[in-house]
Amino acid sequence: SRDYCVTTQFAFQENEIKLLTAEIERLKNFGCLGVSPSLEGLRDENAKLKYRLNFLKKSLQEERNKSMKSMININSCLQEIFGAAIQAAYPDLENPPLVVTPSQQPKFGDYQCNSAMGISQILLKTREQKVIPREIAEKIAKNIPANECIEKVEIAGPGFINVHLRKDFVSKQLSSLLINGVQPPAIGKRKKVVVDFSSPNIAKEMHVGHLRSTIIGESMCRLFEFAGYDVLRLNHLGDWGTQFGMLIAHLQDKFPDYLTVSPPIGDLQAFYKESKQRFDTEEEFKKRAYQCVVLLQSKNPDFIKAWNLICDVSRREFQKIYNCLDVTIMERGESFYHDMMKDIVKEFEEKGFVQVDDGRKVVFVPGFSVPLTIVKSDGGYTYDTSDLAALKHRLCEEKGDILIYVVDSGQSVHFQTIFAAGQMIGWYDPKVTRVAHAAFGVVLGEDKKKFKTRSGDTVRLIDLLEEGLKRAMDKLKDKERDKVVLTPEELKAAQTSVAFGCIKYADLSHNRLNDYVFSFDKMLDDRGNTAAYLLYAFTRIRAIARLANIDEQMLRKAAREEVLVLDHEKEWKLGKCILRFPEILQKILEDLLLHTLCDYLYELATTFTEFYDSCYCVEKDRQTGQIVKVNMWRLLLCEATATVMAKGFDILGIKPVQRM
């Protein structure tokens, strides 16, 4: 019966094992009959097959062991069950609709299968059979195979199939979660994911516009890594181009001994503005800047050193922000792809895709009115050339199965054109390789306009983070956490957790496709769907067992011995909510919308509050305050809730604290 509650990922390996076993037998027979022209060659082939067979058996057993520890995606289980039921009820129906969703109200069970209405329409259109959905639902229900998760089904309304889960099944899954921890559902073949995010420009400070890409990209990487994918995190820095000519020329003038003495460039932003002003106003400087570009692109050692000096100053500033936000990323800027661009142009020319337009080399992509410019009229390359080179390298050299570009919505048409060009030239098939632009809206101020300082300048990201730290400490002191409750070390940890957690959560809790209003007051509010509320809820949950003098070892022992009783309606509601975690993650892996995880964590926290208000975990004497009874199964529900919340926080890049 468990076969219907796990994926069929092992079918391929088992089939290959059968085929290999049969092949070994065939080779044995050939050897006996003397048919083989080379008995030694036959033995070698036999040995290879046996090695492959043993490797596959070992690999399959490891995957099975891992799968037994994994959290089950109940929605996927039910889809398999109802898929089998529909297949049995309507064997001739091709690709019937399969719709299974959690029920919105307890009276309608725990899940609903709403496929009957869709099947009714298909039968009417393709076979001219008018069958009412309720009859279809009854037929599906009669063909549900034996399984361990469904207690009963009921037909409701026009043809909804209400599903009631078995309590012992839910209890068993919760126990598995407590014993094995939060383990992701097995994904089958381990795919490689390349995520392009953050991507600031050298010699310019990171500003609030880089906040969303950095936070969203980091969280996506964490999710794919948790799910078992091989993730490559790439920072596509703007570290090449004509602007480096004016920067190097200005460096030569301001620090003429830069080759022997490291220049003390303290404020690179001011340095950039100075060089830009000279470039715009001094004709001689402008000419020299263009000469510097030529020498840099020809890899002159002195100019490469100057370029590296400027890049290093920026890298150090970027790293301060990445450290604050706990971001891990590998630099691979535009300069990395520079030497590949010539071959990119040549490939498009050889395949007949290049046209010359007013001295430029352009590529028209079907479905897009604006062409890609791959060579400028002066012979230089463009962002289009650089992005095409990056796309090919990630597909053909990195062998990425999934490519995700976390870049603002303003670049949507550009990336759609780049991706379509990659398909046109044959670099990838979208049916095999997923290439996605995870677009996002802009950050707005409380006036609903683009977020700026009072003077109208772009908000520096480092200033924003420092302001967050200040406001988080003010909030903690307003609640007098600094006086008795927390030690200085705990106060500092709480400040960092709240400040950076709130900034991240405020971004991630909004649908990334929309613009969102940045408000410290709202994000630091400990009421509603905020990080402040969730972090506080988490510390309260963790404190319950501690205040009952129950340590981790006692909880682990109880998880193996206790049966989680789910008789109270609030226990049942909480247990089901905890187990929806894999469904939530699977949805995000498909649509890349992380606000779904935030909504789930908020729902989990509020569901826990309902449970805690209705069900005593620890019973005390009202007069003495002494503990008289510990309901261990309820403490285990607390622990399961906290465990899932902790993993959710980890995916979002939020660090909870034990005391707040």
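**Exercise 1. What covers the buried residues of α5?**

Before starting, note that this is a predicted model, where local features need pLDDT of at least 70, side-chain atom pairs count only at pLDDT 80 or more, and totals for chains, interfaces and linings use all residues. Residues are numbered from 1 along each chain as its sequence is written, and side-chain values use heavy atoms, leaving out hydrogens and water.

Step 1. Find the helix: α5 spans residues 133-142. Helices are DSSP runs of H or I with at least four residues, strands are runs of E with at least two, and both are numbered from the N terminus.

Step 2. Pick out its buried residues (under 20% relative accessible area, 1.4 Å probe, protein chains only). You get Pro133, Ile136, Ala137 and Ile140. They sit on the same side of α5, because their arc around the axis is only 100°, taken from the directions from the helix axis to the C-beta atoms.

Step 3. Look for the cover, with contact meaning heavy atoms within 4.5 Å. It includes α3 (74-89), α4 (116-127), β3 (150-156) and β4 (160-165).

**Exercise 2. Work out the order of the open sheet and what happens at its edges.**

Step 1. Line up the strands, counting two as paired if DSSP finds at least two bridges between them. Five strands go β7-β6-β5-β11-β12, with parallel pairing.

Step 2. Zoom in on one pair: β5 (residues 192-196) and β11 (residues 402-405) share 4 bridges. Val194 has Leu403 as its bridge partner in β11.

Step 3. Check the edges. β7 (330-331) and β12 (434-437) each have a single partner strand, so one side of each lacks a neighbour in the sheet.

Note on methods:
Buried < 20%, exposed > 50% of the residue type's maximum accessible area, 1.4 Å probe, protein only.
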